[in-house]
Amino acid sequence: MEKRLISHSEAETKAIARAVIEDNIGKHRPLVIGLKGDLGAGKTVFVKGAAAFLGIPETRVSSPTFVIMNVYKGEYRSAPVVFQHLDLYRLNSSYELYSFGWDEIIRSSDISIVEWADKFVEYLPEDTIWVNIEHIGQTKRGITISIPGSSIG
Ligand SMILES: Nc1ncnc2c1ncn2[C@@H]1O[C@H](COP(=O)(O)OP(=O)(O)OP(=O)(O)O)[C@@H](O)[C@H]1O
Ligand SMILES: [Mg+2]
């Protein structure tokens with residue numbers, strides 16, 4: 001299933017992120033969301049929206065510039081949820097991805113959101129939900145959500 005939405009603000013992008021998590025949280029284990037989009041498209045904004053939905057203060061979420069990965073303890077309906085934010089921008093080869101323990105890492109959290117996941121498409125789980133954020137105008141973004149294996153909404 002593919003859904004195309006328009007966001008007119010940072011707040012709308014965060015609301016879309018919340019909806020994506022809420023709609024899919026029980027359906028995939030782990031739930032992996034791969035983000036695509038240019039520099040400044042709004043990928044980290046999307047992650048902040050998802051974090052806030054899980055009770056993690058969005059001010060704690062920043063681009064994992066030096067560490068590639070940040071792990072947070074959140075919750076959903078009073079149950080603990082391990083949430084991780086990854087950013088593959090600085091990785092240049094699948095060798096680097098593996099030396100960083102990729103397979104373990106992607107399985108170790110309940111929910112993972114991966115910026116620049118399109119650099120390593122074949123290393124993401126088959127049931128990854130893909131979200132493409134496209135810059136249209138100063139505050140306008142096209143957001144395309146692709147959920148594999150479901151033909152009906
Ligand atoms: N509709 C919108 N959705 C998301 N961000 C928006 C929107 N309109 C404006 N912005 C602004 O665009 C910027 C997006 O920055 P963000 O760090 O999320 O980009 P990014 O895709 O993570 O970039 P990078 O590839 O450098 O990590 C922010 O300054 C945000 O305020
Ligand atoms: Mg970012």
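**Group meeting: fold, core and ligand shell**

From the N terminus on, the order of elements in the protein chain is β-α-β-α-β-β-α-α-β-β-β. That is four helices and seven strands. Keep in mind that this is a predicted model.

Overall dimensions next. A compact globule of 153 residues would have a radius of gyration near 15 Å, and the protein chain has 14 Å, so the two agree. Along the principal axes, the C-alpha atoms fill a box of roughly 40 × 35 × 35 Å. Of the contacts between residues at least 6 apart in sequence, 66% join residues at least 24 apart.

Now the interior. Buried residues account for 33% of the 153 in the protein chain. In soluble globular proteins, nonpolar side chains tend to be buried together. Here the largest nonpolar core holds 32 residues, and those with the most contacts inside it are Ile-33, Leu-35, Phe-46, Ala-50, Val-114 and Val-131. The elements giving two or more residues to this core are α1, β2, α2, β4, β5 and β6. The top contributor is α2, with six residues.

Take Val-131 as an example. Which residues is Val-131 in contact with, leaving aside neighbours within four places in sequence? They are Val-20, Ile-33, Leu-35, Phe-46, Ile-143 and Ile-145.

Last, the ligand. Ligand 1 is surrounded by 17 residues, the closest being Thr-13, Gly-42, Lys-43, Thr-44 and Thr-139. By class, the shell has nine polar, five charged and three nonpolar residues.

Notes
Residues are numbered from 1 along each chain as its sequence is written. Chains are lettered from A and ligands numbered from 1 in the order in which they are written. This is a predicted model: local features need pLDDT of at least 70, side-chain atom pairs count only at pLDDT 80 or more; totals for chains, interfaces and linings use all residues. A residue is near a molecule or strand if its C-beta atom, placed from the backbone, lies within 6 Å of it. Ala, Val, Leu, Ile, Met, Phe, Trp, Tyr, Cys and Pro count as nonpolar, Asp, Glu, Lys and Arg as charged, and the others, Gly among them, as polar. The radius of gyration is taken over C-alpha atoms; the globule rule is 2.2 Å times the number of residues to the power 0.38. A residue is buried if 20 or more other C-beta atoms lie within 10 Å of its own, exposed if 12 or fewer, and partly exposed in between; C-beta atoms are placed from the backbone. Two residues are in contact if their C-beta atoms, placed from the backbone, lie within 7 Å. A nonpolar core is a set of buried Ala, Val, Leu, Ile, Met, Phe, Trp, Tyr and Cys residues joined through C-beta atoms within 7 Å.
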